[in-house]
Every structure is written in C-alpha cells, then in structure tokens.
Amino acid sequence: TTGSYYTRPDLVNELIKSALIPVIKERLKKNSGNREAQEESLLSLKVCDPAAGSGHMILAAARTIAWELACIRSGESNPAPSVYRTCLRETIQHCVYAVDMNPDAVELCKLSLWLESHNSGKPISFLNHKIRCGNSLVGVTDLSVLKNGIPDDAFNPVTGDEKEVCRELKRANAAFLKTGQFSLFDNENQEYEIKNFSSEYSGLEKIRQDDLDTVKQVKTRFETFRRDQHWLNEWTACNIWTSAFFYTYTNESRQSAPSTERLQIFLQRPAAAYGPMVGKANAAALEHRFFHWPLEFPDVFAQGGFDVMLGNP
C-alpha cells in the first residue's frame, strides 16, 4: 500500500557491479600513478538514489567507494578496519545523496548512514542537505523552463477540471507566449543565481565535521541558505510552474490559477505577484512534495549532474 519495496542484497550487488564499479575504475585509471589525485577523484564522485527507502543501495555504494579509497590511502589490498571506517565516514559526507517521498524512510536512511559511519570520538555528521524528502519525479529539473513559461498542455482538462475554464486559460496562456513580450531573467542573471547557490553548497563540502562545532556550523549554514530570499524566490517560481499541472481549474478557482504571465510577474517583481496564486502554489508543493533538483543539489547540478544514479530495477 505504500509502494515500498525491498531489494535483495544480491540484486543490489549486481547494480553496484554494473553501474558504480565501472565509473570508479575509470576514475582510478585516469589518475593512475597519482595516489592523491585518485583519492580526490573518488571523494568527488556524486552518487544518488532517487527513491532511496531506508538507504540500502546508497549504503552499498558508500561501502564500495570507501573500500577503494581505503586501499589507495593505505597502499594495501586489505586495509585495516580503522582506515576503512575513516574512509567510509568521508565517503558518506561527500559522495552519497538520496531522495524519498516518505519522511520516515528519509529518517531511516540517515540513521543507516550514521550507524555505518560511526567513528569513535567523532559526532554524527549533518546529512540533511544530502538526504532529502520529496517526490523525485515531480518538479523542475532544469531552471530554464521558467524562462520558457508554463506549457499550454498544463491546462489540458483532467478529472475535476471544468473544460470551458481550461480552454479559456489555455487560450490566454498561448496568446501571452505568442506575443514574446516576456523577458523574465536574462541568461546572465539566471546563471548568476545558480552559481551563487552552488558556491554556498560547495562551502558545506569543505567542512570536515570532525567535532560538534563544525557539525553545528554545517547545520547553521544550510538552514541560513534555505532561508535566503533569492533561493525562496526560485523555489516559489518552480512551485508556480509545477502547480499548473496539479491545479484544479474551475470557475471558482480560476482567479488564483497560475499562468505564464503571472509567473513572469513573480520572477520580475516577487512582491507584486498575486498572493493567492503564490500561496496555493506553495501549498501544492508541500502537499505533493515537489522536488526541484537544481535547487536541492545546486553544487551537483553546477558540475553537470550526478555521476551515477542507482535505483530499484
């Protein structure tokens, strides 16, 4: 009833062999003979499970990367447990990402990673910026869609919609798109915002989290970042765009309906945007757990995306 599935260890191992290990080997080969470069190449790997559950696959990925890292660092084919555990802690801090729409699964996933990466004398790492709750299939995956406006197909009637209202809103949206009068962010500004988010996130990666103060520092910086007005505006804009596909279009609700014109007004002057539309868009985002990948993991998307995606087949 929850859509949750257990993947047997032998199937997880097959996924690791076919998807992750070839990427690891390629990176090590590229930096052959340079131990420091090989370590850096492994710790810069970005691996994600977009429906992580309790973290079964992402934990297997972390173990695999950590073992290779420990072998390189120690110069041995069978490194000492203490070296491996240190490498596993670093790998979990830097390499693995997970998304799940079940909040309990997200907490279980973090717990699994904390238990696995426990190192004597060190606090548990802050992982909220890497293990996220959301529907990985619903949301904005490329911020350029905001510039293009809401597609007319978002107004196609579905169950609960009034066809005439949909027709009128679709016609008005198409007419606005056709005029070509909306400028939104120009490319330069759009890239500047994304780069700014990325640098903030990259800063979190440089903190080692070896004591309680540095763990608190990562937590504080992440929470401050998520309250940043620029980030909140981008998040709201993505919600307006996505909510157009979830909105129930009726004669009573049409006044608050999203449209390309209203999205443009929000992007240009957020304070001047129509409040009821913004409120309903953000409410829909919370209800359906919209997940906007470039805003959740801006540092990863700034470098072109994840190196490996793992998932239950």
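**Pocket lining**

I began with the second largest pocket, whose lining has 9 nonpolar, 2 polar and 6 charged residues by class. My classes: Ala, Val, Leu, Ile, Met, Phe, Trp, Tyr, Cys and Pro are nonpolar, Asp, Glu, Lys and Arg are charged, and the others, Gly among them, are polar. For the record, this is a predicted model, where local features need pLDDT of at least 70, side-chain atom pairs count only at pLDDT 80 or more, and totals for chains, interfaces and linings use all residues. Residues are numbered from 1 along each chain as its sequence is written, and side-chain values use heavy atoms, with hydrogens and water left out.

A pocket here is an open set of points on a 1 Å grid over the protein atoms alone, where a 1.4 Å probe fits, with protein on both sides within 12 Å along at least five of seven lines; lining residues have an atom within 4 Å of a point. I noted a volume of about 300 Å³ for the second largest pocket, taken as the space filled by probe spheres set on the points, with points joined across faces, edges and corners. Of its 17 lining residues, Arg132, Cys133, Gly134, Arg226 and Glu296 lie nearest the centre. H5 gives the most to this lining, with 4 residues.

**Helix H1**

Helices (H or I, at least four residues) and strands (E, at least two) are DSSP runs, numbered from the N terminus. I checked the length of H1 (residues 9-30): at 1.5 Å a residue its 22 residues should span 32 Å, and the end C-alpha atoms are 30 Å apart, which agrees. The expected span is 1.5 Å times one less than the number of residues.

I also found a kink of about 40° at Leu20, shortly before Pro22; the bend is the angle between axes fitted to the seven residues ending there and the seven starting there. Leu20 is among the buried residues of H1, as are Val12 and Ile16. Buried means under 20% relative accessible area, exposed over 50%, partly exposed in between (1.4 Å probe, protein chains only).

**Two loop residues**

Is Thr250 buried or exposed? Thr250 is buried, because its relative accessible area is 14%. Its loop runs between H10 and H11, and Thr250 touches Gly160, Glu162 and Val165, leaving aside residues up to four places away in sequence. Contact means heavy atoms within 4.5 Å.

Ala80, in the loop between H3 and H4, is partly exposed at 33%.
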